[in-house]
Amino acid sequence: MNAKTNTPATGSVQVETFNTVVIGAGFAGLYALHRLRDQMGVSVRVFDVAGDVGGTWYWNRYPGARCDIESIHYSYSFSEALQQEWTWTERFAAQPEILRYLNHVADRFDLRKDIQFNTRITSLVWDEKNKLWQVGTKDGIIARAKFLIAGTGNLSVAKTPEFKGFENFKGEIYSTGNWPHEGVNFTGKRVGVIGAGASGIQAITEIAKEAAHLTVFQRTPNYAAPIGNAPMDSETDRQVKAHYAEIRTKSRNSFIGLPYDQAQPSALTVSAEERRRVYDECYAQGGFRLIFDSFADMLFNKESNDTAAEYIRAKIRERVKDPKVADILTPKDYPYGTKRPPLETNYYETYNRDNVTLVDIKNSPIERITEHGIRTASGEYELDAIVLAIGFDAMTGPLLQLGIVGRNGEKLADKWANGPLTYLGIATHGFPNLFFITGPQSPAVLYNMPLAIEDHVDFATDAIQYLRDHDLDVIEPTLEAETQWVAHVYELAQQTLLPGTDSWYTGANIPGKPRGCMIYLGGAPAYRKICADVQNNGYTGFALDHSAMKHSTATA
Ligand code: NAP
């Protein structure tokens with residue numbers, strides 16, 4: 001067992017040294033802690049800026065927040081006992097229930113005692129001499145660790161609003177990604193929501209039911225489709241629990257990490273009637289079936305994609321009474337699925353309500369926030385509250401705000417100035433013993449997140465175990481392996497429709513952020529095989545122990 005040790009810091013404060021420090025106490029951090037401490041017996045400390053566990057589900061408490069993957073799949077698979085004892089009340093659990101689940105996990109595995117909450121890590125500096133990471137807050141170094149696991153999530157840094165004049169607004173301002181714990185009562189209020197992505201769509205539907213008037217400021221319309229939520233029925237629960245192991249295996253063998261298996265090869269090789277039948281069935285079943293269980297070429301063939309896009313456009317026209325409003329809500333200039341498709345319940349019907357107004361800010365942009373509301377190019381909208389649902393500095397944002405400095409004083413922010421450079425989306429050259437959980441250039445956000453997280457935590461912790469077993473100190477990807485991986489990620493992306501669309505998938509949602517492909521698009525099974533081969537061959541593409549130092553010097 002690697003006992004934790006105390007090493008003196010500068011001054012008199014004792015700084016503890018751990019085998020591994022984990023950043024984040026969401027799905028990733030909780031599992032990493034359990035695996036390292038309880039299954040491997042190493043010393044570990046988790047840090048989180050939040051006051052408790054939950055990660056994304058701690059912060060995103062806005063009305064309507066719920067997962068968009070069925071909860072029986074959007075949950076941990078690592079413990080059969082946990083799978084059997086937990087029962088979801090809805091097909092797609094709402095945020096409070098997911099947070100209860102993560103609290104249950106923390107209690108069940110006694111995790112809190114090794115988590116330090118209310119602690120924002122702002123500096124992670126590699127100490128080459130001692131081969132340790134120095135973990136710091138704005139007040140100085142608070143821990144040291146041989147290994148670092150960044151379980152910081154992909155959508156945890158809110159986008160900074162570009163609108164001028166916020167300081168003048170006399171009303172309330174909320175952000176979906178950091179919602180007040182006590183909730184917000186919009187009764188009798190005039191509310192404006194900026195943004196109509198997955199968060200906005202969920203929030204808009206609920207706020208409209210409460211507010212006196214809701215004004216939605218939408219720039220780009222989305223291809224939203226029904227989520228198909230319902231109470232969890234006991235027979236499904238029983239069936240799933242009886243076959244959980246097979247279901248998880250099937251999920252891990254599918255592109256998106258869900259046990260879907262109905263997709264036909266192409267929308268273009270079937271009749272119009274058959275296409276319609278498939279789309280009707282998927283639209284009625286809900287979840288991500290329409291995009292991932294209909295036709296396998298949806299993200300690869302524009303013509304095929306057009307058939308699904310047109311299907312959704314027709315649905316919007318059917319569901320929204322006012323044709324002008326329907327037209328504003330209809331996406332026209334990018335393929336379906338190239339922005340993450342939101343799922344909804346009665347979202348389009350919300351625009352049939354008398355108390356809801358849709359403002360097209362693509363044609364009439366927001367000019368500024370005023371004392372009393374929002375002024376667009378076509379007029380001023382008076383509001384008592386503004387809700388920002390404008391998204392996140394996705395994938396790279398959470399890692400870059402950690403202040404990571406690697407070998408030879410290199411800053412991760414400098415290395416990634418033109419976009420992320422990783423090996424397998426798990427590690428990056430020049431930054432030894434650092435593992436990203438669902439990092440950029442892994443399948444991450446296109447792979448059922450809890451399973452993707454478990455795969456990465458297993459990879460990282462197996463690597464740590466391998467080093468211990470072989471009396472090695474350092475693991476770091478070679479520059480060559482990284483360069484090849486990045487090229488592979490881009491090559492795969494070029495075969496899809498994704499690079500052409502402005503979205504957080506490409507970094508285009510943040511002004512000034514380098515545009516690139518941040519997702520491995522070969523699907524979970526291909527990715528998992530690559531990772532397994534890397535592991536089984538003694539960590540191909542990684543330099544281990546002192547060879548890492550030599551390699552770094554040679555390529556510096
Ligand atoms: P998002 O998809 O990036 O949507 C942000 C919205 O704000 C877009 O409509 C965007 O318009 C708009 N916006 C941003 N900056 C703007 C500006 N300067 N002026 C006008 N409009 C602006 O963010 P999100 O809705 O928070 O979702 C992010 C991701 O989180 C999702 O894709 C999903 O992966 C995840 N999520 C999941 C769930 C779930 O169901 N489990 C729920 C919420 C979020 P443009 O499109 O024109 O940029």
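Residues count as buried under 20% relative accessible area, as exposed over 50%, and as partly exposed in between (1.4 Å probe, protein chains only). This is a predicted model, in which local features need pLDDT of at least 70 and side-chain atom pairs count only at pLDDT 80 or more, while totals for chains, interfaces and linings use all residues. Residues are numbered from 1 along each chain as its sequence is written, and side-chain values use heavy atoms, with hydrogens and water left out.

Start by selecting N346, which is partly exposed at a relative accessible area of 46% and sits in the loop between β12 (343-344) and α12 (347-350). Its phi is positive, about 60°, although N346 is not a glycine. Most residues other than glycine have a negative phi.

D110 counts as partly exposed, with 41% relative accessibility.

Now select the ligand and the 24 residues that surround it (a heavy atom within 4 Å), of which K159, E162, S199, R219 and T220 are the closest. By class, this shell holds 11 nonpolar, six polar and seven charged residues.

At R219, a polar side-chain atom lies 2.8 Å from an oxygen atom of the ligand; at R340, a side-chain N or O atom is 3.1 Å from a ligand oxygen atom; and at D68, a backbone N or O atom lies 3.3 Å from a ligand nitrogen atom. Of the 910 Å² of accessible area that the ligand has on its own, the protein covers 88%.

Definitions and conventions
Polar contact = N/O pair within 3.5 Å; in protein donor to acceptor, adjacent residues only side chain to side chain. Areas by Shrake-Rupley, 256 points an atom, 1.4 Å probe, with all protein chains shown as cover. Nonpolar A, V, L, I, M, F, W, Y, C, P; charged D, E, K, R; others polar. Helix = DSSP H or I, 4+ residues; strand = E, 2+ residues; numbered from the N terminus.
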